[in-house]
Amino acid sequence: MNTGDGVRGDEGATLHAVSSAVLAVTRHLSVHEVLQVIVRAAARLLGARYAALGVPDDEGSFAEFVVEGVSEERWERIGPLPRQHGMLAAMLRGDTPKRLDDIRREPEFEGWPQAHPVLKDFLGVPIRDGEDVLGIVFLANKRSPGGFTQDDEDLLTLFAAHAAIAITNARLYEHNRELTVVAERNRMARELHDAVAQKLFSLRLTARTASALAERDPVRTVKELEQVERLAAEALAELRTVIFELRPADLADGLVASLRKHVEVLDRAHEANVRIAADEAVVLPEDQEAVAFRITQEALYNALRHAGARTVEVRLCTRDGQAVLEVADDGSGFDASGAPEQQNGLGLASMRDRADSIGGDLTIDAAPGRGTTVRLEVPL
C-alpha cells in the first residue's frame, strides 16, 4: 500500500512540476520570451546543468538560439550562432528524441567551439507542430548521478508538446500585433490625406485665383493671398500634429511627466481645453508605461480630431490596487456597441490589443451626444 501511495505521490509531483512549467511559459506573449522560459523551465524540470533551444531558419543556421546555464561572458567567447550540422542537424532531420550517455562519443559530435562547456550526458527532443519542426530543445549534464532516464525523456517530450503550442500562440500574437500596426499606419495615412491633402488642394486653387486676379482686382487679390496664408498655416499645423502623434514616445522622464508634456503641446495646438490631473506617485514598468502613453495618445487624437471636443481631460491615479488611466471628453461621442468598422476607424481595436499585451483592461464609456471616456486599468 505504501509503495502504491509513493508512486502516486511521485506522479502527482511530476504533474505539478509540468503544470508549473507550462503555466510559466504560457504567461508570456513574445516569441523570444517564450523560448527563454521554455529553456529555463526545461532545465529546472529535469535538473539539467545546461539547456538550449534552437529555432531553425531556411539558410542552414538558426533564427533563434537561447541557452540556460552559460554565462554571458562565455557565450560571447563561444562566438556566432551554431549552424545546422552535426548533432543539431541529426536532430532536426529526426522524428524521435535522442538520449545519450556521452554525446562526445557520437559520430555527429563535431564542430563544437573551444569555449563551449564540456557536455556529457545528453537529452534532445524536437518541438513539433504536426510535420513541422519548430525547434529542438536539448539538455546536458544532469545534476543527479546516472544521466537522463527514460522517464526524463517522456517528461521532456510531454513538455515539448506544450511548448509547441506556446510558441505557435506567441507567433500568432506577434503576427496579429504586426497587422494591427499596419492597420494603424494605414489609418494615419488616410487621416493625413483627409486633413492635409484637402487643405493643400484648396491652397492651390486659392493661389491660382489670386494669380488670375492680380492685375484686374488688386483688392480681391490681397484677400485671396490672406486666405492662402491661412490655409498654409492650417496645413502646417495639421502636419505637425500628425508627425507629433507618429513620433515614438520618449518616456525617459516617466509616464506622468511625458503625459504632461504631451497634453501641454496639444493644448497649445488645438482650440479645445486639454488638461491633465495625474498622481505623481504612479510608476509602472517601462513596457506598461509605453502602452499607457500610446493609448492616451490615441484617445486624445480621437477626441480632438473626430469628436469635436471642447474639453478633454487626462486622469491618472491608483484605485483598488490598480493604476487607472482615463481620457474623458465632452465631444460628440458615438455608439460604443456599433459596427466594428466604426470602432476600427477610431483605433479602438488597436487600443484593446495594446491593453491586452500588458495584462490591462480597456473599457469605453460612450454614447452619441454625451462624450467619451476611455479607461485603462492595469494591476499594480
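Mentor: Happy to! Helices (H or I, at least four residues) and strands (E, at least two) are DSSP runs, numbered from the N terminus. By that rule the protein has 10 helices and 10 strands. This is a predicted model, in which local features need pLDDT of at least 70 and side-chain atom pairs count only at pLDDT 80 or more, while totals for chains, interfaces and linings use all residues. Residues are numbered from 1 along each chain as its sequence is written, and side-chain values use heavy atoms, with hydrogens and water left out.

A nonpolar core joins buried Ala, Val, Leu, Ile, Met, Phe, Trp, Tyr and Cys residues through side-chain atoms within 4.5 Å. The largest such core holds 37 residues, and Ile-295, Leu-316, Leu-362 and Leu-376 touch the most other members. Elements that each supply at least two residues of this core include helix H7 (255-269), helix H8 (286-305), strand E7 (311-319) and strand E10 (372-379). H8 gives the largest share, eight residues.

From first C-alpha to last, H8 reaches 28 Å, close to the 28 Å expected at 1.5 Å a residue (that is, 1.5 Å times one less than its number of residues).

Finally, find Leu-376. Beyond its neighbours within four places in sequence, Leu-376 is in contact (heavy atoms within 4.5 Å) with residues including Ala-292, Ile-295, Leu-325 and Leu-362.

Terms used
Buried < 20%, exposed > 50% of the residue type's maximum accessible area, 1.4 Å probe, protein only.
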